[in-house]
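Subject: Structure handover

Hi,

Here is the structure I promised to pass on. My notes follow below it.

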Amino acid sequence: MEPFTSDRLQLPRNMIENSMFEEEPDVVDLAKEPCLHPLEPDEVEYEPRGSRLLVRGLGEHDIDEEEEDYESSAKLLGMSFMNRSSGLRNNITGYRQGPDGVCSLPSARTMLICTFVLVVAISVIMVIYLLPRCTFTKEGCHKKNQSMVLIQPIASNGKLFPWARMRLPQNIMPLQYELTIHPNLTTKKFEGSVEIKIQVLKTTQNIILHSSGHNISKVFFTSVVPKQEKPVEILEYKFHEQIAIVTPDALLEGHNYTLKIDYSANMSTNYYGFYGVTYEDENKEKKYFAATQFEPLAARSAFPCFDEPAFKATFIIKIVREEQYTALSNMPKKSSVQIEGRLIMDEFFESVKMSTYLVAFIVGELKNMTQETNGILVSIYTVPEKIDQAKSALDTAVKLLEFYQHYFEIKYPLQKLDLVAIPDIQAGAMENWGLITFREETLLYDINTSSVMDRKLVARIIAHELAHQWFGNLVTMQWWNDLWLNEGFATFMEYFSLSKNFTQLASYEDFLNARFKTMKKDSLNSSHSTSSSVQSSEQIEEMFDSLSYFKGASLLLMLKSFLKEDVFQHCVILYLHNHSYASIQSDDLWNSFNEITKENLDVKTMMKTWTLQPGFPLVTVQRKGKQILVQQERFFLSATNSGIHPLDSSHLWHIPLSYITSDYKPQEYPYVTLLNKKSDVLNLTEEVQWVKFNVDVTGYYIVHYADPDWEALIKQLQRNISVLSDRDRAGLINNIFELSSLGKVSLKKAFDLIDYLGNETHTAPISEALFQTDLIYDLLEKIGEIELARKTVTRVAKLLQPQIQQQTWSDEGTLSKRELRSILLDFACTHQLENCNTKAMKLFQEWVDSNGTKSLPTDVMPVVFKVGAKTEAGWTFLFEKYGSSESEAERNKILEALASSEDVRKLHWLLKASLDGDIIRSQKLPLIVKTVGRSFAGHLLAWDFVKENWNRLVQKFHLGSYTIQHIVAGTTHLFSTKTHLSEVQTFFEAQSEATSQLRCVQEAIQIIQLNIQWMEKNLKNLSFWL
């Protein structure tokens, strides 16, 4: 899945649960209740510690900790304690009260008893002290077979539910699903029937699977041999979204059975599961559309299933629809049969073996454009009026599909590949096997309104989702803790494939920008390792972040650069061949690499230092004559009362170091070495003027040089920038500003380095310099330091004045030059430089006078719209055009301009309208929140809006989702006062525990703390030297 971010950073579910105190406890003590459906030996989670599921007297060897359900167990224990404690209040005896209402002194008898109790307590303490040490270990000193007290969840009908974990048991494996769905798009309800063929891997009496929100009407259970229907009981445990099918007789190991469930349900009202949307066509007629979004945990809301990635099976999908609609699913259509009335049933061929989250079906009015390549029919589907915007996507998809098949040496296994533009979808795209769904803006390209950045976005998202057909679909992570195996690989291949097939897009610039932002996130306390233990739905949702996507991709880039491209490709091919149609863990990937590299390099040992610990290294370089001393430590931004402390001696990485010197010639390879200890000494053949580490920023680390070496690099940039690549120049700018945040270098030195910008002509270094400058400007502006903010911008603007003056208001030049034009003119108009606003307003007025029919240069269109939206008449005209435009690319530019207004009333209306979702789709809310939150007029308004509507937000987008992460960050990242810090902390602490523990919340708090410390450290110095 590709998360979608409004700033197009090359970075794209569950509701807040009720407090345990709001409902009757749904657990019982098995020591006091007869066991109706006892837990089977392998279906109990044993844990002696009081914070988890309560089982007294069991040793460590009986524990399966890998599948512990921390959240539910703690909740069950809390509820159990409430049951037991309620009776204590009635048995408390206090002091005796006299007739006058005054408490009398304790009697001699009472004093004697107290003395006795005290002596007993002291004795107990001494006994405990003298007990064998094993008494307090997890193993204990007890016998294995001693009695236990279990606590077991209660089903919705009051009976015992025979499973306590959030993860499903491993005793049943689904083989095939036959699913029939009949949706009513106007009432947004559907009926369904699913027949599941299962195989018993271990004898059991219970079938545990997922189901959420279904009204189950009938359950049929049949043994295959002999074919005989058996009566069963169905139980539901809503807290885990699980049902249990309890059979009268044991299901025997190795035998196959068939389970059929008839049910009905409401279509989802948010963007998850099987959901319905309405939209208006070009004639303003209301239309209906239904689509699926199952990743990660929503297939269970569309049909009862084993909804975990490792439970792969084949699927036969049948969809009942009205005749005016088109139905699509993962596989090609097998038949269409007219049934009762005007209804048609479409049946699709049986699928390949796949996970439930990849199942997809769509019903709506659609048109398509197709092209065949190597026997595979590639189709782009859109609503009818937008089919003319599909050609670019079709050409891109065909070219990339051919590339991937050749590169992986594995043919795409299906006969068709559909790419569908959905009128309303929250994710940027979703990689459903054979039926990829997209936002309209990430698939469609309008030649009149789509800019070069829109073109890059479409190509990038298609490349990402097609890569998933191998990484994620063909080979799937076993559990969500290894999500990076899906998303990291897809993200890496996205940029790699574009660099091979669409070099003119200069996609490396976007990847570089994404890596810089990801490392900022990864330097915080709230970071997590790419492979992280997850259990709850919120934890799973939070794995869909920039670390899984872009850190994962960055580690693969680093490994490719170190191994060289041909070796890396050979390893990837072996990995895919070894594990096709399987569910795997990270070790399986590294084992495949080691099969090829083991004689020269232990890739597994090396890469586990990167995937199993959070953060990344800071490499410090000191040059002395012909020797270079290199040291590593964790680059760690930690806000404390005593300042920022980067040191963390417990972390060690195996770092592929690459470096060049002042004697380097472009045709030569860089020096490469592996730093697998805290420090090392590198020897040069001769003394050099300077060294530059992390060549082309292919390594996932930051480099700090001794003062003389920083000075040497600064002088080299001022003398001749061509000796360093544009990637290296961007890397130096990023590293020195990040090091200034760490306190390793002064902010003045960082600005000294970018003094060379007058000679810079490439997009990546200028983009990074402007990002750092704008961040400082935004922070200063929000605390009222307007004059100081302007001085900061002026210093950089003077350096870039020649480049700004050279820009034309056109779409001329290479794609990279056109993108640079957009960046420079946006900077100039935002800060009112070089008569930029006058020129933009002139173009805007000409466009208005033509009633929006005059063609504007697409690359400068966002700037023109933003300037035009500053006036009342301009804002109103743009809003009218937003409602009538058929181009999603144009609508996005208009919406961002509308949200850039300085009129607080307009901003509040936009926020409310996008949350309501009627006039402005709710998928646009993150874009609006981020744009409003960055402006001086709107940053407090955006935060207030989030506070006031928090419950609605998490109901619509789910707690922990990428959208919620984006909204929290977008409304808090520019706060830099203790008052705002306290306000943010207080607000989230007042929410549920699941909310306050979200990583995005912890990250927001840490960023505010770091902003406060940055102000305390730099505010006076900035005033002095600017």
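Is C829 buried or exposed? C829 is buried, at a relative accessible area of 7%; buried means under 20% relative accessible area, exposed over 50%, and partly exposed in between, with a 1.4 Å probe and protein chains only.

Some ground rules. This is a predicted model, in which local features need pLDDT of at least 70, side-chain atom pairs count only at pLDDT 80 or more, and totals for chains, interfaces and linings use all residues. Residues are numbered from 1 along each chain as its sequence is written, and side-chain values use heavy atoms, with hydrogens and water left out.

**Cysteines**

C829 forms a disulfide with C836, S to S 1.9 Å. The term covers a pair of cysteine sulfur atoms within 2.5 Å. By this rule the count is one disulfide. The link between C829 and C836 is left-handed, with -85° about the S-S bond. C836 is buried too, at 4%. C305 is buried at 0%, and C1000 is buried at 8%.

**Salt bridges**

The structure holds 55 salt bridges. Each is a side-chain nitrogen of Lys or Arg within 4 Å of a carboxyl oxygen of Asp or Glu.

E494 and R460 form one, at 2.9 Å, N to O. E494 sits in helix α5 (residues 483-501) and R460 in helix α4 (residues 452-468), so the pair ties together parts that are 34 residues apart in sequence. Helices here are DSSP runs of H or I, at least four residues; strands are runs of E, at least two; both are numbered from the N terminus. E494 is buried at 0%, and R460 is buried at 3%.

D755 and R795 form another, at 3.0 Å, N to O. D755 lies in the loop between α14 (747-753) and α15 (763-782), and R795 in helix α16 (residues 786-806), so this pair ties together parts that are 40 residues apart in sequence. D755 is partly exposed at 29%. R795 is partly exposed at 22%.

K906 and D903 also pair, at 3.2 Å, N to O. K906 is buried at 11%, and D903 is buried at 18%.

**H704**

H704 is in strand β33 (residues 702-705). H704 is buried, at 10% relative accessibility. The C-alpha atoms of H704 and V619 are 6.2 Å apart, across 85 residues along the chain. Leaving out residues up to four places away in sequence, H704 touches L618, V619, T620, V621, W710, L739, K744 and V745; contact means heavy atoms within 4.5 Å.

Best wishes
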